[in-house]
Amino acid sequence: MFVDHTRIYAKAGNGGNGVVSFRREKYVPRGGPDGGDGAQGGDVILRVDGHTDNLRAFHYNPRMVAKDGGHGQSWKRHGKNGKPVGGKVPPGTLVYRSPARTVTEAVEMERSGAGVDLELVADLTSEGDELVICKAGEGGKGNWQFRSSTNRTPEEFTLGTEGTEGVFYLELRRIADAGMVGFPNAGKSTLTTKLSAARPKIASYPFTTLNPMVGVVEFDDFKRCTIADIPGIIEGAHKNRGLGHEFLRHITRCGLLLFVVDMAGSECRDPISDIETLRKEIKLYDPELSKLDWLVVANKMDLDEAEENLTQFRQRFPKVEIISVSAKLEEGLGALRGLLCERVGKRNQ
């Protein structure tokens with residue numbers, strides 16, 4: 001099960017209380033104060049892990065509650081620190097804070113139909129990044145801390161503070177240099193397998209790809225780029241029709257968009273209409289996406305009518321850069337690789 005957005009509840013541990021205690025032994029009837037301090041609670045931490053590719057773990061366990069700190073004890077003994085709770089997230093995870101303090105409040109806000117004003121807390125993109133989403137409470141002071149030359153038997157102490165809590169929304173946006181956009185069965189998955197080592201499911205029926213896939217394309221001189229294959233888009237995707245918003249978010253980080261078009265019209269589609277619809281859906285979903293660098297990959301050029309359709313396509317879009325390929329027969333992939341290397345190829349760090 002692929003999960004790229006979910007809601008969680010997080011609660012950091014409370015700090016332990018300080019205590020009031022006095023040293024009392026057989027030969028020390030009037031010992032001084034020895035009440036120890038309370039301990040700090042545990043933080044709630046998110047860590048970026050490159051081996052994690054989705055948010056499934058949080059979907060099945062949406063509560064992250066850290067341990068409270070222990071109370072202070074006699075003999076100036078400090079309480080035991082609360083154990084923190086950590087969760088692994090994939091690179092490209094956005095963390096939002098909800099104004100709701102509890103899940104019940106968050107659900108009521110969602111059911112009310114009113115827009116929930118979410119605050120972006122962090123954009124976790126690099127391996128090893130950490131974010132404390134809930135800060136632990138501090139431990140209180142025992143009466144030993146309040147002794148003085150004028151107050152030999154203090155009975156003052158302080159309570160531990162509460163750890164913070166809240167409701168958070170996690171959203172994964174895959175990080176890739178180039179994103180492939182197209183209608184179902186345009187050949188995006190086949191193209192991905194020919195260009196990289198990624199192995200998405202390939203079949204002759206629509207919506208074979210249900211999860212976004214990221215493949216690495218290797219070039220000479222240790223250069224490389226990453227390409228994202230997202231499930232097929234249909235008209236109305238910006239309104240969440242079909243898979244809609246579920247996967248459009250995964251191309252927002254790309255520097256180059258590859259519009260893969262079935263130039264042969266093998267699915268009884270018109271290539272010109274397809275690119276017009278795809279460009280429209282991208283712009284309606286996020287106007288910033290329409291400003292990205294883009295080109296058209298004319299696929300299935302090995303089929304009948306592809307050449308004729310390509311001629312008409314070039315006449316309709318004379319200024320659009322078009323790369324003709326046949327992913328199935330691996331024709332034209334060299335030119336596509338060269339273009340990717342030129343546009344988004346980068347040194348492998």
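This report describes the strands, sheets, pockets and cavities of a predicted model.

## Basis of the description

In this predicted model, local features need pLDDT of at least 70 and side-chain atom pairs count only at pLDDT 80 or more, whereas totals for chains, interfaces and linings use all residues. Residues are numbered from 1 along each chain as its sequence is written, and side-chain values use heavy atoms, with hydrogens and water left out.

Helices (H or I, at least four residues) and strands (E, at least two) are DSSP runs numbered from the N terminus. Two strands are paired if DSSP finds at least two bridges between them. Axes are lines fitted to C-alpha atoms, for helices over the stretch in contact, and angles between N-to-C directions run from 0 to 180 degrees.

## The five-stranded sheet

Five strands form an open sheet with mixed pairing, in the order β3-β1-β8-β5-β6. Strands β3 (63-65) and β6 (119-124) stand at its edges with a single partner strand each, so one side of each has no neighbour in the sheet. Direction ignored, neighbouring strands are turned by 25 degrees against each other on average.

Strand β1 (residues 5-11) runs parallel to β3, and three bridges join the two. Within β3, R63 stands opposite Y9. Helix α2 (residues 103-112) lies across β1 and β8 (165-172), at about 145 degrees to β1; contact here means heavy atoms within 4.5 Å.

## The three-stranded sheet

A further open sheet has three strands in the order β4-β2-β7, again with mixed pairing. Its edge strands, β4 (85-89) and β7 (130-134), each pair on one side only. From one strand to the next, the twist averages 25 degrees.

Strand β2 (residues 44-48) pairs with β4 in the parallel sense over five bridges. I45 has G86 in β4 as its bridge partner.

Strand β11 (residues 223-229) is largely enclosed by the rest of the structure, because five of its seven residues are buried. Buried means under 20% relative accessible area, exposed means over 50%, and partly exposed lies in between (1.4 Å probe, protein chains only).

Strand β9 (residues 178-181) pairs with β11 in the parallel sense over three bridges, while β10 (residues 213-218) pairs with β11 in the antiparallel sense over six bridges. I227 in β11 is the bridge partner of A178 and also of G215. Four residues separate β10 and β11 in a hairpin, and D221 in the turn has a positive phi of about 60 degrees.

## Pockets and cavities

On a 1 Å grid over the protein atoms alone, a cavity is a set of points where a 1.4 Å probe fits but cannot get out; a pocket is an open set with protein on both sides within 12 Å along at least five of seven lines, and lining residues have an atom within 4 Å of a point. Grid points are joined across faces, edges and corners, and a volume is the space filled by probe spheres set on the points. Ala, Val, Leu, Ile, Met, Phe, Trp, Tyr, Cys and Pro count as nonpolar, Asp, Glu, Lys and Arg as charged, and the others, Gly among them, as polar.

The second largest pocket holds about 390 Å³ of space. Its lining includes G50, D53, E127, R174 and V214, and divides into four nonpolar, four polar and three charged residues. The structure also holds two cavities of 30 Å³ or more. The second largest cavity has a volume of about 40 Å³ and is lined by F183, P184, N185, A186, D262, E267, R269 and D274. By class, this cavity lining has three nonpolar, one polar and four charged residues.
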